[in-house]
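Me: I have a structure open here and would like to talk it through with you, piece by piece.

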Amino acid sequence: MPGSDEFYPPAQYGWGWMLLAIGILALLVFAASLVLFLTRPRRSITIPGDSDAPPLLTIDVLSQLRVEYLERIQQIETDYRERRLSPRHANLELSRVVRTFVNEYSGLEAPVLALDDLIARGVHPALIDAMGRHYYPSIFRQGPAIDPLAGAEAARTVVRTWH
């Protein structure tokens, strides 16, 4: 007989396959919620009663950042005074420290921007003055470097006045 008129019930899957499918769906939901949680924008903590005040955390972090970079500048000046750094190398280090401070403080990519790029972006005049009068001439021109003590004071001005 080529075929029978009997009906066959559909094939049944074991309960283990159903648990596996539910587990995979639960894992996908968990992974999606984890991605959303980790990539959501962070909320700022604000000072109660003053809606125009910057976040408390930002004030503390920025103050600490200023202190940290002022200490780095002092260390470069000390190294220069104790003749562990040449005038040219001291100015190079001061330039690097000031540019890194600006980058960390404001997000401006100062370490990779040339002086003309900084001028075109309209950055704070203290940075332009320090770069143009102290660091660039000391690093790039022939002859003796400009006094790093004046460069250190210019670096302190940038760190203290950067907004």
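Me: Where is the place of Tyr-13?
Reply: Keeping in mind that this is a predicted model, Tyr-13 sits in the segment before α1, the helix that covers 15-39.

Me: Is Tyr-13 buried or exposed?
Reply: Tyr-13 counts as exposed, because its relative accessibility is 74%. Together with Trp-17, Leu-20, Ile-24, Leu-25 and Leu-28, Tyr-13 makes a nonpolar surface patch of about 760 Å².

Me: Stepping back, how many helices and strands does the protein have?
Reply: There are six helices and zero strands, so that the elements, read from the N terminus on, run α-α-α-α-α-α.

Me: And what share of the residues is buried?
Reply: Of the 163 residues in the protein, 28% are buried.

Me: Let's go to α2. Which residue forms a salt bridge with Arg-72?
Reply: That is Glu-68, with the closest N and O atoms 2.8 Å apart. Both residues lie in helix α2, four residues apart, which corresponds to about one turn of the helix. Glu-68 counts as partly exposed because its relative accessibility is 28%, and Arg-72 is likewise partly exposed, at 32%.

Me: What else does Arg-72 lie over?
Reply: Arg-72 lies over the face of Tyr-69, at 4.4 Å from the ring centre. Tyr-69 in turn forms one aromatic cluster with Phe-101 and Tyr-105.

Me: How many aromatic pairs does the structure hold?
Reply: The structure holds three aromatic pairs. One of them joins Phe-101 and Tyr-105 in a tilted arrangement, with 5.4 Å centre to centre and 40° between the planes.

Me: Why are Phe-101 and Tyr-105 separated by about one helical turn?
Reply: Because they are four residues apart in helix α3, which comprises residues 87-106, their separation along it is about one helical turn. Both Phe-101 and Tyr-105 are buried.

Me: Back to charges, then: what is the count of salt bridges?
Reply: The count comes to nine salt bridges. Among them is the one between Arg-156 and Glu-77, whose closest N and O atoms are 2.3 Å apart. This pair links distant parts of the chain, since Arg-156 is in helix α6 and Glu-77 is in helix α2, 79 residues apart.

Me: Are Arg-156 and Glu-77 buried or exposed?
Reply: Both Arg-156 and Glu-77 are buried, and they also belong to a network of salt bridges that links Glu-77, Arg-81, Glu-153, Arg-156 and Arg-160.

Me: Which residues in α6 are buried?
Reply: In α6 the buried residues are Pro-148, Gly-151, Ala-152, Ala-154, Ala-155, Arg-156, Val-158 and Val-159.

Me: How far apart are the end C-alpha atoms of α6?
Reply: They are 20 Å apart, which agrees with the 20 Å that the 14 residues of this helix, 148-161, should span at 1.5 Å a residue.

Note on methods. Residues numbered from 1 in each chain as written. Predicted model: local features only at pLDDT ≥ 70, side-chain atom pairs only at ≥ 80, totals over all residues. Heavy atoms only, no water. Patch = residues over 30% accessible without salt bridge, like charges linked within 9 Å, V, L, I, M, F, W, Y side chains within 5 Å. Areas by Shrake-Rupley, 256 points an atom, 1.4 Å probe, with all protein chains shown as cover. Salt bridge = Lys/Arg side-chain N within 4 Å of Asp/Glu carboxyl O. Helix = DSSP H or I, 4+ residues; strand = E, 2+ residues; numbered from the N terminus. Buried < 20%, exposed > 50% of the residue type's maximum accessible area, 1.4 Å probe, protein only. Expected span 1.5 Å × (residues − 1). Phe/Tyr/Trp six-rings, centres within 6.5 Å; stacked < 30°, edge-to-face > 60°. Lys NZ or Arg CZ within 6 Å of the ring centre and 35° of its normal.
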